[in-house]
Amino acid sequence: MATTIIITGGAGFIGSHVVRLFVKKYPDYKIINLDALTYAGNLENLGDIERASNYIFEKGNILDTDVIANIFHRYQPDAIIHLAAESHVDRSILSPMDFVYTNVIGTVNLLNAAKECWNGNFTNKLFYHISTDEVFGSLGEKGFFTETTAYAPNSPYSASKASSDHFVRAYAETYNIPVVVSNCSNNYGPNQFPEKLIPLFINNIVNEKPLPVYGDGLYTRDWLYVKDHAKAIDLIFHKGKKGDTYNIGGFNEWKNIDLVKLLCKLMDSKLYRKPGTNEKLITYIKDRPGHDRRYAIDASKINRELNWNPSVTFEQGLNETIDWYLENKDWLQHVTSGDYLKYYELQYVIK
Ligand code: NAD
Ligand code: TYD
């Protein structure tokens, strides 16, 4: 089985959970975390394992072909788990080209590096591409995304991820690179950058700032605890069928407004505020353009073939998440100074 793995985007939200799981669970593997440390990358996420003997951090941008070639040459990886990406829909609406560069061209750069490094010898090699359910577009009131649902991306983010998925597939078909792809629903949990719904709203509740709900608030997402996503990635990496795709989801659909109200309620009690206090912060604002109405994953294939199921309930996961943010105010403070304020102005204040 693979021993040297390059994990891209390992300093980000999901990547840091994947790196930690692999470093701890597989002491014989060499784990190389390749990350450019953009605004979303933060080595504080990995403070507890940074000195592990099977872990190496390499700062590098997947857009830089020389850097990638050098890293592949030095480490001769058996596998890539590719998470590095621009990941926020609202930012993709503000600056779509960043998404084309990193998500599309960055992915193709990595595929080229793997192809050159492996040079036709694909025994025990794997390129594992981490993708999103957003590539499938939007569902109506009923139905689920399966592995055979047609792609219909609606945002620059999802279009860039869809494009990268297609390139991964094309490299498998054309050059025989062994690949696997998984498409996961919305993640939540510790270390998520406070631009996404749950950590943004936790941060605003702590600071008694308005909670900006887009449109009518009746948009639906399927939420999965990040550590359960990391476990699914571990399973797919080791037992997934080469060339296949797997949908991963939490069987856990929430309308945004119901989720926000639950968050307000849980945090009233954790912050010793009078019941109903935090709900008063809810503010409906102008909708996101091209806003997908509903995502819902049918995760029966990974359940059936790899015996995967989410291990925590939403209530457990949400409680752990809120507690983590309340106990890690320094982390929150570090990531919400400087550029975060500029983004916040652009996204929420100027409108
Ligand atoms: P994130 O934004 O928290 O982290 C992205 C990481 O990639 C950061 O560490 C960043 O520094 C790094 N990065 C960005 N551009 C880079 C570049 N050009 N070169 C090298 N490193 C670069 O993202 P996340 O939420 O952890 O998502 C990780 C992956 O999972 C992405 O591919 C995303 O599309 C996918 N995904 C995310 C979710 C979700 O709910 N967050 C759901 C399904 C799939
Ligand atoms: P988000 O966390 O950005 O994930 P995604 O767009 O990838 O699903 O948003 C989740 C949902 O919450 C989505 O329907 C948009 C909505 N939302 C708000 O209403 N207000 C906000 O400030 C944010 C960031 C999201």
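**View 1. Strands E4 and E5 run parallel and are joined by four bridges.** E4 covers residues 79-82 and E5 covers residues 126-132; helices (H or I, at least four residues) and strands (E, at least two) are DSSP runs, numbered from the N terminus. Two strands pair if DSSP finds at least two bridges between them. Look for Ala 79, whose bridge partner in E5 is Leu 126. Before you zoom in further, please note that this is a predicted model, in which local features need pLDDT of at least 70, side-chain atom pairs count only at pLDDT 80 or more, and totals for chains, interfaces and linings use all residues. Residues are numbered from 1 along each chain as its sequence is written, chains are lettered from A and ligands numbered from 1 in the order in which they are written, and side-chain values use heavy atoms, with hydrogens and water left out.

**View 2. Strand E5 is mostly covered.** Seven of the seven residues in E5 are buried, where buried means under 20% relative accessible area, exposed over 50% and partly exposed in between (1.4 Å probe, protein chains only). Leu 126, Tyr 128, Ile 130 and Thr 132 point one way from the strand, while Phe 127, His 129 and Ser 131 point the other way.

**View 3. E5 also pairs with E6, in the parallel sense.** Six bridges link E5 to E6 (residues 179-184), and His 129 has Val 181 as its bridge partner in E6. Between E5 and E6 the chain passes through helix H5 (residues 156-175), making a right-handed β-α-β crossover; right-handed means that, with the strands pointing away from the viewer, the path from the first strand over the helix to the second runs clockwise.

**View 4. Strand E6 is covered on both faces.** Val 179, Val 181 and Asn 183 lie on one side, with Val 180, Ser 182 and Cys 184 on the other, and all are buried. E6 pairs with E10 (residues 245-248) as well, in the parallel sense over four bridges. Here Asn 183 stands opposite Asn 247 of E10.

**View 5. Ser 155 sits in the loop between E5 and H5.** Its relative accessible area is 8%, so Ser 155 is buried. Setting aside neighbours within four places in sequence, Ser 155 is in contact (heavy atoms within 4.5 Å) with Val 89 and Ser 92. The C-alpha atoms of Ser 155 and His 291 are separated by 7.9 Å, although these residues are 136 residues apart along the chain.

**View 6. Ligand 1 is surrounded by 29 residues.** The closest are Ile 14, Asp 35, Ser 87, Tyr 157 and Lys 161; a residue counts if one of its heavy atoms lies within 4 Å. Oxygen atoms of the ligand lie 2.6 Å from a polar side-chain atom of Ser 87 and 2.7 Å from one of Tyr 157. Asn 187 takes part through a backbone N or O atom, 2.8 Å from an oxygen atom of ligand 1.

**View 7. Helix H12 (residues 339-349) has a buried face, and Tyr 348 is among the residues closest to ligand 2.** Tyr 340, Tyr 343, Tyr 344, Gln 347 and Tyr 348 are buried. Seen down the helix axis, the buried residues of H12 fall within an arc of 100° (taken from the directions from the axis to the C-beta atoms), so they line one face. Exposed Asp 339 and Lys 342 are on the face turned away. For ligand 2, a polar side-chain atom of Tyr 348 lies 2.6 Å from an oxygen atom.

How values were computed: A polar contact is a pair of N or O atoms within 3.5 Å; within protein, one must be able to donate a hydrogen and the other to accept it, and residues adjacent in sequence count only if both atoms are side-chain atoms.
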